Amino acid sequence: MGAMFRSEEMALCQLFIQPEAAYTSVSELGEAGTVQFRDLNPDVNAFQRKFVNEVRRCDEMERKLRYIEAEVHKDGVHVPQVKEPPRAPNPREIIDLEAHLEKTENEILELSHNAVNLKQNYLELTELKHVLEKTEAFFIAQEEIGIDSLTKTLVTEEGGQQTATRGRLGFVAGVLQRERVPAFERMLWRISRGNVFLRRAELDKPLEDPASGNEIYKTVFVAFFQGEQLKSRIKKVCTGFHASLYPCPPSNSERQDMVKGVRTRLEDLNMVLNQTRDHRQRVLASVAKELASWSIMVRKMKAIYHTLNLFNMDVTKKCLIGECWVPTADLPNVQKALADGSNASGSSIPSFLNCIETDEEPPTFNRTNRFTRGFQNLIDAYGVASYRECNPALYTIITFPFLFAVMFGDLGHGLIMAMFGAWMVIKEVSLAAKKTNNEIWNIFFAGRYIILLMGCFSMYTGLVYNDIFSKSMNIFGSSWYIPYDNDTLEKNPALTMDPKDSYIDKPYFIGIDPIWQTADNKIIFLNSYKMKLSIIFGVVHMIFGVCMSVVNYNFFKRRYSIFLEFIPQVVFLCLLFLYMVFMMFYKWIAYSTMSEDQAYTQGCAPSVLILFINMMLFSSNEPQPGCKEFMFEGQGSIQRVFVLVALCCIPVMLFGKPLYLLSASKKKHSKPESSNGSVNPGIEMQEQTDLSNSQPQAKASASHDHDDEPFSEIMIHQAIHTIEYVLSTISHTASYLRLWALSLAHAELSEVLWNMVLTFGLKDANYIGAIKLYVAFCFWALFTLAILVMMEGLSAFLHTLRLHWVEFMSKFYAGLGYIFQPFCFKTILEQEDEE
């Protein structure tokens with residue numbers, strides 16, 4: 001957890017690598033995943049860089065892999081997952097892999113081409129078989145009705161002479177796609193003026209398209225006509241509609257012989273197709289075993305060459321120079337990776353790592369694990385922390401689920417949420433292996449530890465609220481008893497219980513007494529209780545946020561801000577709002593029904609809100625007879641002093657820092673220069689031997705400060721910050737009332753569901769009541785999960801997120817940094833898989 005207190009210390013390093021060892025060295029760095037490279041050729045076009053040809057080779061191999069993968073998936077061949085990702089291939093293995101991919105692609109292309117040709121032949125023979133079979137039925141029907149009835153319909157428009165004879169009647173047979181048949185019929189009628197007789201029959205089974213493999217539905221047709229001129233017109237129409245025409249003998253015996261021949265050829269072709277398909281399956285199955293490994297290797301190669309394009313050549317063209325950000329804790333790992341890369345390539349000259357000083361702001365790197373990653377993502381969603389800035393994620397691990405639980409406090413609902421989170425945590429290995437594109441599930445799974453803690457904390461606050469599905473539990477026995485006899489209870493529908501007579505002066509062991517579940521003034525009591533709790537938690541949370549700014553001031557060497565900003569801010573907040581919290585506790589302790597002094601009985605307890613308003617307005621109210629205006633002696637004077645001191649803190653916050661910086665700037669300019677400056681020989685080639693003593697570090701970030709700006713700019717910024725802080729103390733304190741509002745709404749909605757839905761099934765004692773209870777429980781459980789757990793949980797989550805981003809983090813967190821993005825093969829492969 002100590003690593004999460006602030007981001008890791010970073011160093012800007014220069015790498016000096018021999019060209020022959022560059023590939024293997026960068027490969028080792030990619031496996032380690034600890035360096036973020038900087039582009040040393042920002043003005044060079046991507047097509048003019050040194051390793052652009054190697055990148056193109058990788059692109060070509062990726063294209064081949066995509067084609068092979070598409071063919072494998074098209075045939076439904078299973079591609080096994082890689083248990084352990086292979087390392088990037090060395091240059092000699094790259095040539096072998098490239099040749100193997102070329103051979104595999106050509107083999108699959110040849111198989112695909114042959115399969116398409118065979119399928120095309122099979123399709124044509126199948127269509128010819130259907131044409132012969134269907135036309136046979138047409139001619140049999142024709143012979144039954146007589147040829148004369150057919151020829152009588154084929155009359156020319158000019159003369160009415162029926163000169164057609166059996167020898168002069170011709171026909172064309174073929175196959176056409178089903179959706180084109182209506183248009184085809186209309187076109188034939190128009191070109192022949194109704195002198196074409198068309199017979200058609202739809203094929204029952206769809207045919208397979210040889211190229212795409214999709215199903216196509218076709219229709220067999222026979223067009224009868226007279227004359228050669230009409231025949232040529234019909235063929236042109238068939239060509240325009242992409243109809244396939246097939247020869248069809250006019251005699252019955254020839255058609256029968258032709259059908260037998262076609263069926264024999266189909267059987268032979270089908271056997272050849274099966275053999276081709278089996279051979280293709282064997283080839284693709286052998287390729288599928290290596291496909292995932294090849295894909296990973298090519299992607300790693302491409303990433304390496306992209307990274308090498310960020311390097312620069314020295315003037316002698318004998319050394320590659322690169323710059324990178326490295327966490328100082330990982331410098332030994334980087335040096336080991338460079339040494340391993342040089343040894344793997346057989347280079348006689350070792351690679352060098354040289355840390356250099358810089359004024360540039362380094363990237364922010366917070367080292368996380370599976371548990372803390374979700375909380376860190378919540379903070380980064382608001383803004384990445386400035387370099388070495390105090391990280392709120394460490395405290396969010398506790399405060400986030402707790403504030404959520406204050407709004408979601410229910411033992412039953414918290415148990416459901418905790419069980420869901422625990423299931424994802426226990427099964428996280430198997431669930432993580434099932435990669436899915438469902439964004440909602442991925443969000444839930446990424447926040448599994450947050451959900452688990454939110455559920456556990458909600459169970460605790462539900463126990464304190466004594467609330468489980470809107471019902472209370474009497475575990476330790478109520479501290480109240482009924483002083484009335486049975487006759488009084490029967491005659492009066494409602495009775496008031498005086499604490500003097502009904503309270504044993506010993507509170508319930510933990511949480512709220514269960515007797516409040518039956519009280520008519522339950523909501524009034526819970527309103528007051530939860531409202532005060534929300535203010536107490538809010539003020540404590542804000543004071544903690546203001547105190548965290550001291551850590552940043554001290555680390556960034558701006559200790560003057562502790563006296564000129566932090567102390568006035570915390571005094572202002574404490575004298576006004578922490579004092580209001582004190583009054584709440586004092587009121588709870590000092591005023592009691594058991595008090596002998598009438599001024600400290602429950603009837604004389606003053607309103608904390610009224611007292612606070614009077615304190616700010618310097619006004620007063622006349623107390624009731626026998627009561628006191630204030631809670632203790634001298635409270636009025638103390639309040640006036642508190643308000644005056646708080647008001648005096650405002651000019652300190654407004655003018656203190658600008659005036660101090662102005663005076664410090666004058667002193668700085670008045671001092672004579674004692675040196676001519678220094679030159680930083682940052683690119684010296686020296687081997688880093690002692691990492692602990694010779695690591696120039698990047699300077700701590702203070703990018704969110706305005707110390708180097710002109711006095712007018714500093715004054716404007718300070719005025720904005722002062723006004724924002726003073727006003728936000730009021731608005732942020734009121735904003736924490738959302739804890740009370742959502743908690744009350746959640747409890748009341750849960751009670752409504754119980755009384756309006758589940759109670760419906762508890763009214764009847766017979767067997768009908770069992771059926772009604774079954775149905776009512778189903779609806780109650782559905783509404784509980786959908787509304788109270790899902791929707792209310794999401795609402796409470798968003799409100800908790802806002803309380804942390806605005807009310808808490810705005811007190812000390814700038815969030816102006818940029819994330820550390822190391823060159824890591826694992827991250828690159830995961831991102832490409834998601835895409």
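Biologist: What makes Asn-466 buried or exposed in this predicted model?

Modeller: Asn-466 has a relative accessible area of 4%. Buried means under 20%, so Asn-466 is called buried. Asn-466 is found in the loop between helix H14 (448–465) and helix H15 (486–491).

Biologist: What is the phi of Asn-466?

Modeller: Phi of Asn-466 is near 55°, which is a positive value in a residue other than glycine. Most residues other than glycine have a negative phi. Arg-193 also has a positive phi, near 55°.

Biologist: Is Arg-193 then buried or exposed?

Modeller: The relative accessibility of Arg-193 is 59%. Exposed means over 50%, and Arg-193 therefore counts as exposed. The loop that holds Arg-193 runs between helix H5 (181–192) and strand S4 (197–202).

Biologist: Why is Glu-31 called partly exposed?

Modeller: Glu-31 has a relative accessible area of 30%. Partly exposed covers values between the 20% limit for buried and the 50% limit for exposed, so Glu-31 is placed in that class. Glu-31 is found in helix H1.

Biologist: Which residues is Glu-31 in contact with, leaving aside its neighbours within four places in sequence?

Modeller: Those residues are Arg-87, Ala-88, Lys-300 and Phe-825. Lys-300 is 269 residues from Glu-31 along the chain, and their C-alpha atoms are separated by 9.6 Å.

Biologist: Is Leu-29 buried or exposed, and how do you know?

Modeller: Leu-29 lies in helix H1. Its relative accessibility is 0%; buried means under 20%, and Leu-29 therefore counts as buried. Not counting residues up to four places away in sequence, Leu-29 touches Leu-15, Thr-34, Val-35, Phe-37, Val-334, Ala-337, Leu-338 and Phe-823. As for Phe-51, which is 22 residues from Leu-29 along the chain, the C-alpha atoms of the two are separated by 18 Å.

Biologist: Which residues meet where H1 packs with H8?

Modeller: From H1 come Glu-20, Ala-21, Thr-24, Ser-25, Glu-28 and Leu-29. They meet Val-334, Ala-337, Leu-338, Asp-340, Gly-341, Ser-342, Ala-344 and Ser-345 in H8. The residues of this contact divide into six nonpolar, five polar and three charged.

Biologist: What makes H11 and H13 roughly perpendicular to each other?

Modeller: Helix H11 (residues 411–426) and helix H13 (residues 439–446) pack at an angle of about 90°, with their axes 10 Å apart. Angles of 65 to 115 degrees count as roughly perpendicular, so that description applies to H11 and H13. Phe-420, Trp-423 and Met-424 in H11 meet Trp-441, Phe-444 and Phe-445 in H13. The residues of the contact divide into six nonpolar, no polar and no charged.

Biologist: How do H7 and H24 pack, and at what angle?

Modeller: Helix H7 (residues 252–308) and helix H24 (residues 825–834) pack at an angle of about 115°, with their axes 11 Å apart. The crossing of H7 and H24 is right-handed. Ile-296, Arg-299, Lys-300, Ala-303 and Ile-304 in H7 meet Phe-825, Ile-828, Leu-829, Glu-832 and Asp-833 in H24. This contact divides into six nonpolar, no polar and four charged residues.

Biologist: Which residues does UniProt list for "coiled-coil region", and what is the span made of in the model?

Modeller: The unreviewed UniProt entry lists residues 94–121. In the model the span is 100% helix and 0% strand, and its end C-alpha atoms lie 40 Å apart.

Biologist: Which residues does UniProt list for "transmembrane region"?

Modeller: The unreviewed entry lists several spans, including residues 533–556 and 598–618. Residues 533–556 are 96% helix and 0% strand, with end C-alpha atoms 36 Å apart. Over residues 598–618 the chain is 48% helix and 0% strand, and the end C-alpha atoms are 26 Å apart.

Notes. Residues numbered from 1 in each chain as written. Predicted model: local features only at pLDDT ≥ 70, side-chain atom pairs only at ≥ 80, totals over all residues. Heavy atoms only, no water. UniProt positions renumbered as here; feature names shortened; annotations may be inferred. Helix = DSSP H or I, 4+ residues; strand = E, 2+ residues; numbered from the N terminus. Contact = heavy atoms within 4.5 Å. Nonpolar A, V, L, I, M, F, W, Y, C, P; charged D, E, K, R; others polar. Buried < 20%, exposed > 50% of the residue type's maximum accessible area, 1.4 Å probe, protein only. Axes fitted to C-alpha atoms, helices over the stretch in contact; angles between N-to-C directions. Left-handed = near helix turned anticlockwise from the far one by under 90°. Parallel < 35°, antiparallel > 145°, perpendicular 65-115°, else oblique.
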